[in-house]
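Have the 3D view open while you read the points below.

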Amino acid sequence: MLEELTAEVKQALAEAEQLIAAAKTVDELRQAESRLMGKQGTLGKLLASIGKLPAEHRGAAGKEINLAKKAITERFACVRTVIEQAADKQAAVGAQAYDPTLPAPVVPRGSVHPVTAVQWEVEDIMARLGFVVVAGPEMETDYYNFEALNIPAMHPARDMQDTFWLTNGWLLRTHTSPCQVRAMEKLGPPLRVIAPGRVFRYETEDASHGNTFHQLEGLMIDRRISIANLIGVMKLILVEVFKRDIKVRLRPGFFPFVEPGFELDMSCEICGGSGCATCKRSGWVEILPCGMVHPNVLRFGGIDPHEYTGFAFGMGLTRLAMMRYGVQDIRGLNSGDLRAIIRPEQRNGPAIIEKNE
Ligand code: DAH
């Protein structure tokens, strides 16, 4: 009895496939489906027969027939969608009357991030002064990030930079300064290098502090390098970046890897020096901590401090980009918010051809 039924179900399924193959339009498909399911249809008859079966077979038979019904309904729905979509496409293609004399639509172009733009600019300026670009790893050792920079274990200066320690004892570099000793080891004196890159701090974020930001380290080592060289180069960078004379001030600053050390501030470009959230109402922004390389650091780099001296600086690239482009909140720069990261010169006028294109 049940074998007979299975054969009939199979026939209904085969019939459904034939009807589907024969139908050309959605309407034809609908008609075919209702014929198959209707009172006189193969599947319709099977459905009606369930109630008349002996009680012991009813459950199994009902299940089989209903499964077939479900499969057939789904199959019809699927083919219907395909036909409908194809029809839509045909309609769309048919309606696409276009005017070949119209100018092509403007395709929006991507642009480099403000921090990258400032980085390239500083790289160009420094290249003209004979500096070369070097890179260092973002995952650093305690040795290069602290020890070789005259910050031994337990030294309170380690607290100046809240650190993301890794489980393997390494860390995410808290500054680009580790590139200094790496460069000394690799290139030897005399040298002029810059090392731009991403740095990480375990910090609470606010308008002017991020936990991930960019710095650009600079290092010049030669015979008879003095503070005059340091100030000359720092000022030149800022004047070139801002394309006008920039008010700066030099304050003593403590960094274990330089002696003497300085904080070079520039007047806040956001508020013009009158005080705002970005400059913490002071009118000044710390932009260029710098100093004369500490003799211990030269020694760690294998350089004789009696023969050579040098200066180093750690430019806040992210902060410089904020000043340059009037970005008020550092968090905007890593947010993907286009209002913060599209540079003004990209917002209007023709696209700028970028380096590396
Ligand atoms: N690495 C320091 C920091 O991130 C900044 C710095 C200060 C770098 C003085 C220098 C320097 O090269 O001379 O806080």
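A polar contact here is a pair of N or O atoms within 3.5 Å. Keep that cut-off in mind, and remember that this is a predicted model.

**Contacts with the ligand**

- Glu 217 also reaches the ligand: one of its polar side-chain atoms is 2.7 Å from a ligand oxygen atom.
- Ala 312 takes part through its backbone, with a polar atom 3.1 Å from an oxygen atom of the ligand.
- How much of the ligand does the protein bury? On its own the ligand exposes 350 Å², and 94% of that is buried by the protein.

**The shell around the ligand**

- In total, 16 residues surround the ligand, and the closest are His 175, Ser 177, Arg 201, Gln 215 and Glu 217.
- Sort the shell by class and you get seven nonpolar, seven polar and two charged residues.
- Three strands each supply at least two residues of this shell: E5 (212-222), E8 (284-293) and E9 (309-316).

**The largest pocket**

- Where does the ligand sit? You'll find it in the largest pocket.
- That pocket holds about 930 Å³ of space.
- Its lining is made of 43 residues, and those nearest the centre are Arg 201, Gln 215, Glu 286, Pro 289 and Arg 319.
- Two or more lining residues come from each of E5, strand E6 (248-252), strand E7 (258-267), E8, E9 and helix H10 (317-325).
- Which element gives the most to this lining? That's E8, with seven residues.
- By class, the pocket lining splits into 18 nonpolar, 14 polar and eleven charged residues.

**The cavity**

- Helix H7 (178-187), strand E4 (191-200) and E5 each give at least two residues to the cavity lining.
- The cavity lining has six nonpolar residues, two polar ones and one charged one.

Note on methods. Residues numbered from 1 in each chain as written. Predicted model: local features only at pLDDT ≥ 70, side-chain atom pairs only at ≥ 80, totals over all residues. Heavy atoms only, no water. Near = heavy atom within 4 Å. Polar contact = N/O pair within 3.5 Å; in protein donor to acceptor, adjacent residues only side chain to side chain. Areas by Shrake-Rupley, 256 points an atom, 1.4 Å probe, with all protein chains shown as cover. 1 Å grid on protein atoms, 1.4 Å probe; cavity = no way out; pocket = protein on both sides within 12 Å on 5 of 7 lines; lining within 4 Å. Sits in = over half its atoms within 2 Å of the grid points. Helix = DSSP H or I, 4+ residues; strand = E, 2+ residues; numbered from the N terminus. Nonpolar A, V, L, I, M, F, W, Y, C, P; charged D, E, K, R; others polar. Points joined across faces, edges and corners; volume = space filled by probe spheres on them.
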